[in-house]
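Here is a brisk report on one chain and its ligands. Keep the sequence and the 3D view open while you read.

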Amino acid sequence: MNLKSQYASITMTQDIFHSSLPLHLESGEILPEFDLGYTTYGQLNADKSNVIWVIHALTGDSNAQEWWNGLIGEDKFFDPSNHFIICANLLGSCYGSTQPFSENPITGKPYYYKFPQMTTRDLAQGLERLRIHLKIEYIHSLIGGSLGGQVGLEWAYLLENKLKNAIILASTAKTKPWVIGFNETQRMAIESDCTWGEFHERAGQKGLETARAIAMLTYRHPLDLETKQSDQSNKLDDFRAASYLRYQGQKLAKRFNALSYWTLSKTMDCHDLGRNRGGSEEALSKILANVLAIGVNSDLLFLPSESQFISQHVSRGTYKEISSNAGHDAFLIEFEQLSYILKSFYLQQKN
Ligand SMILES: CC(=O)SCCNC(=O)CCNC(=O)[C@H](O)C(C)(C)COP(=O)(O)OP(=O)(O)OC[C@H]1O[C@@H](n2cnc3c(N)ncnc32)[C@H](O)[C@@H]1OP(=O)(O)O
Ligand SMILES: N[C@@H](CCO)C(=O)O
């Protein structure tokens with residue numbers, strides 16, 4: 001299906017890939033079949049060398065040109081006039097891919113709370129199926145931040161020499177207890193919603209609001225809130241920071257569901273590139289692609305040292321840092337710095 005692009009000259013397609021073959025998950029469970037919603041921008045060039053594969057973060061979707069609009073689009077760093085850009089909605093997420101509200105073909109009913117646990121390795125396997133389906137033999141660059149970076153690392157490991165560059169932003173080779181702890185507080189918020197356990201798409205939505213409010217405090221830096229959410233008058237209540245977090249919670253709950261959120265946060269928790277591969281250092285050293293690991297100086301969730309670790313242990317690694325008060329989410333916001341970092345990374349390869 002072709003959709004009308006906001007740019008008349010650029011081709012944009014949106015489709016759903018259906019895999020009728022089972023996906024054997026790391027947990028030992030099996031997903032009998034699955035869908036992946038995906039979007040492409042631009043066209044594959046004659047020598048099939050211009051594929052840019054974007055991997056979204058926790059609550060993103062496949063419309064990469066919308067949520068990464070400072071990086072992807074006409075005259076942006078990744079320009080669909082030159083690149084064939086693909087982004088697929090990750091397994092477990094609710095934007096066109098198989099997720100807890102999808103029908104389990106074995107029972108004929110939605111999975112709901114019995115949706116299998118998925119790892120970032122499983123999610124990468126899902127993307128690999130789509131790559132094969134699209135007959136893409138070579139990926140010029142994959143790029144992803146946070147959860148998208150975790151999946152990106154797993155996929156870079158699997159792709160071996162089918163990938164030239166992996167750009168991993170604000171992410172990690174193995175999820176630290178700090179992040180698992182924050183994710184657990186968010187799941188506790190969801191569990192405390194009295195509708196959690198019910199069998200409908202709004203189950204746990206109030207809890208999801210609280211979960212997102214907690215998460216926002218890990219995606220921002222205290223200085224960011226200080227700058228944007230300080231109150232001018234001598235207030236005793238109704239602080240801006242409070243309404244900001246409530247608003248952010250409501251905003252997410254309108255577009256996401258608690259079961260997908262739960263599933264993907266569990267996926268993030270058990271991310272470990274080195275599992276059954278001799279540890280993180282060993283696994284990183286086996287990645288054949290050039291790896292650009294980008295940290296954010298104010299990231300309180302995935303620390304810059306975790307991105308440095310990635311760059312130090314892959315065989316061809318570069319580390320760059322975004323300087324920002326925005327915190328973790330700077331990778332979704334600081335487009336100018338990001339474009340500059342990417343430009344210097346690709347230039348360095350030519351020399
Ligand atoms: C269908 C879809 O949307 S698909 C998925 C799109 N999202 C993704 O892909 C996930 C990645 N993106 C993100 O996480 C975010 O969009 C980011 C990080 C890029 C930017 O976050 P934002 O929420 O836009 O930025 P910020 O933290 O500055 O908050 C601004 C919002 O808070 C509101 N706000 C700011 N201060 C306050 C306050 N004191 N009280 C209430 N609301 C406030 C603003 O009005 C604004 O609202 P809006 O989003 O309705 O315009
Ligand atoms: N803000 C990101 C999560 C942090 O990487 C998202 O909502 O996808």
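Ile 55 stands opposite Gly 144 in β9. The model is predicted: local features need pLDDT of at least 70, side-chain atom pairs count only at pLDDT 80 or more, and totals for chains, interfaces and linings use all residues. Residues are numbered from 1 along each chain as its sequence is written, while chains are lettered from A and ligands numbered from 1 in the order in which they are written.

Strand β5 (residues 51-55) runs parallel to β9, with 4 bridges between them. Strand β10 (residues 163-169) also pairs with β9 in the parallel sense, over 6 bridges. Two strands count as paired if DSSP finds at least two bridges between them. Helices (H or I, at least four residues) and strands (E, at least two) are DSSP runs, numbered from the N terminus.

Ile 139 has Leu 163 as its bridge partner, and Ser 141 stands opposite Asn 165.

How many residues of strand β9 (residues 139-145) are buried? The count is 6 of 7, so β9 is mostly covered, where buried means that 20 or more other C-beta atoms lie within 10 Å of a residue's own, exposed means 12 or fewer, partly exposed is in between, and C-beta atoms are placed from the backbone. In β10, 6 of the 7 residues are buried.

## The annotated active site

UniProt, in an unreviewed entry, places the feature "active site" at Ser 146, Asp 299 and His 328. These positions are spread over 183 residues of sequence, yet they cluster in space, with a largest C-alpha distance of 10.8 Å. UniProt positions are given in the numbering used here, feature names are shortened, and annotations may be inferred rather than shown by experiment.

Ser 146 lies in the loop between β9 and α3. Asp 299 lies in the loop between β11 (290-296) and α10 (304-313). Gly 152 sits in helix α3 (residues 147-159).

| Residue | Other C-beta atoms within 10 Å | State |
|---|---|---|
| Ser 146 | 27 | buried |
| Asp 299 | 28 | buried |
| Gly 152 | 30 | buried |

Contacts here need C-beta atoms, placed from the backbone, within 7 Å of each other. Leaving aside residues up to four places away in sequence, Ser 146 touches Ala 57, Leu 58, Ala 170, Ser 171 and Phe 302. With neighbours within four places left out, Asp 299 is in contact with Ala 170, Pro 304, Gly 327 and His 328. On that basis Gly 152 contacts Ile 55, Leu 142, Gly 144, Ala 166 and Ile 168.

## Two domains

The chain is divided into domain 1 (12-176 + 272-350) and domain 2 (179-267). The bounds come from an automatic or database domain assignment. Taken over C-alpha atoms, the domain centres are 24 Å apart. In the contact between them, 26 residues of domain 1 meet 20 residues of domain 2. The side of domain 1 that touches domain 2 has 12 nonpolar, 12 polar and 2 charged residues. Ala, Val, Leu, Ile, Met, Phe, Trp, Tyr, Cys and Pro count as nonpolar, Asp, Glu, Lys and Arg as charged, and the others, Gly among them, as polar.

The UniProt annotation "domain: AB hydrolase-1", from an unreviewed entry, covers residues 51-333. Over residues 51-333 the chain is 40% helix and 14% strand. The end C-alpha atoms of that stretch are 23 Å apart.

## The ligand shells

Where does ligand 1 lie? Domain 1 and domain 2 both give residues to its shell, so ligand 1 lies between them. A residue belongs to a shell if its C-beta atom, placed from the backbone, lies within 6 Å of the molecule. Of the 16 residues around ligand 1, Gly 60, Trp 67, Ser 243, Tyr 244 and Tyr 247 come nearest. Helix α7 (residues 240-255) gives the largest share of this shell, 6 residues. The shell divides into 6 nonpolar, 5 polar and 5 charged residues.

Around ligand 2 are Ala 57, Leu 58, Thr 59, Gly 60, Gly 145, Ser 146, Tyr 219, His 328 and Asp 329. Among them, Ser 146 and His 328 carry the UniProt "active site" annotation. The shell of ligand 2 has 3 nonpolar, 5 polar and 1 charged residues.

Methods. Contact = placed C-beta atoms within 7 Å.
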